Amino acid sequence: MALLLAAWAALLVAVFVGLAWGTPRLSAGALLDALTAGTGDPRAELVVRQLRLPRLVLALAGGAALGLAGALLQGALRNPLAGPELIGVNAGAALVVGTLVIVGIPTAAASLPVLALGGALLGGGT
């Protein structure tokens, strides 16, 4: 329980640091004003609401997705050491995208993640 509370505390500190530090650096009061009332500096509101907060939310969602994917992979394989790099998922995705780029096959940029997923599935399935 103490470890869980420490992890949440560390996450809250990281969220505060991620929102407050940068250019312009914001104090705790200016950060709270930019997040809530909207009575503070309009530049601070713009930086926090339009730049830092979306970036922070995406980073948290991406980290949670990677953690969940690792936990699902370890649970499905019943191996606490299982990881995408050990079973070939990363190599399969890199092989497909690398081959397309090096050979010069014209491919839409939006299709590269889908093709990488296909390569990851082939790499992990063999």
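Colleague: Where does Arg 78 sit?

Modeller: Arg 78 is in the loop between helix 3 and helix 4, the latter spanning 84–87. Keep in mind that this is a predicted model.

Colleague: What is the phi of Arg 78?

Modeller: The phi of Arg 78 is positive, about 55°, although the residue is not a glycine. Most residues other than glycine have a negative phi.

Colleague: And is Arg 78 buried or exposed?

Modeller: Arg 78 has a relative accessible area of 78%, so it counts as exposed.

Colleague: What about Gly 83, which loop is that in?

Modeller: Gly 83 is also placed in the loop between helix 3 and helix 4. With a relative accessible area of 6%, Gly 83 is buried, whereas Arg 78 is exposed.

Colleague: How far is Gly 83 from Ala 69?

Modeller: Their C-alpha atoms are separated by 9.2 Å, and Gly 83 and Ala 69 are 14 residues apart along the chain.

Colleague: Next, the peptide bonds. Which two residues does the cis one join?

Modeller: The cis peptide bond joins Thr 23 and Pro 24, with omega at about 0°. Pro 24 belongs to the loop between helix 1 and helix 2. As a rule, most peptide bonds are trans.

Colleague: Zooming out, how many helices and strands are there in the protein?

Modeller: The secondary structure has six helices and zero strands. Along the sequence, the pattern reads α-α-α-α-α-α.

Colleague: What share of the residues is buried?

Modeller: Buried residues are 17% of the 126. The accessible surface is about 8,800 Å², and carbon and sulfur atoms hold 75% of that.

Colleague: And what share of the contacts comes from residues 24 or more positions apart?

Modeller: Among contacts with a separation of 6 or more, residues 24 or more positions apart account for 38%.

Colleague: Charges, then. How many positive and negative side chains?

Modeller: There are 6 positive and 4 negative side chains, and the centres of the two sets lie 5 Å apart.

Colleague: Which residues make up the largest nonpolar core?

Modeller: Eight residues in all: Leu 19, Ala 20, Leu 26, Leu 31, Ala 34, Ala 44, Val 48 and Leu 56. Helix 1 (2–20), helix 2 (28–35) and helix 3 (42–77) are the elements that give two or more residues to this core. Helix 3 gives the most, with three.

Colleague: Which residues is Ala 20 in contact with, leaving aside neighbours within four places in sequence?

Modeller: Ala 20 is in contact with Arg 25, Leu 26, Leu 31 and Arg 52 on that basis.

Colleague: Back to helix 2. How accessible is Ala 28?

Modeller: Ala 28, in helix 2, has 40% relative accessibility and so counts as partly exposed.

Colleague: Last one: which element does Asp 33 lie in, and what does it contact?

Modeller: Asp 33 lies in helix 2. With neighbours within four places in sequence left aside, Asp 33 is in contact with Gly 38, Thr 39 and Gly 40. At 32% relative accessibility, Asp 33 counts as partly exposed.

Colleague: And how far is Asp 33 from Gly 123?

Modeller: Asp 33 and Gly 123 are 49 Å apart in space, C-alpha to C-alpha, and 90 residues apart in sequence.

Notes. Residues are numbered from 1 along each chain as its sequence is written. This is a predicted model: local features need pLDDT of at least 70, side-chain atom pairs count only at pLDDT 80 or more; totals for chains, interfaces and linings use all residues. Side-chain values use heavy atoms; hydrogens and water are left out. Helices (H or I, at least four residues) and strands (E, at least two) are DSSP runs, numbered from the N terminus. Buried means under 20% relative accessible area, exposed over 50%, partly exposed in between (1.4 Å probe, protein chains only). Contact means heavy atoms within 4.5 Å. Accessible areas come from the Shrake-Rupley method with a 1.4 Å probe; for residues, only the protein chains shown count as cover. Lys and Arg count as positive and Asp and Glu as negative; His and the chain ends are not counted. The place of a charge is taken as NZ of Lys, CZ of Arg, CG of Asp or CD of Glu. A nonpolar core is a set of buried Ala, Val, Leu, Ile, Met, Phe, Trp, Tyr and Cys residues joined through side-chain atoms within 4.5 Å.
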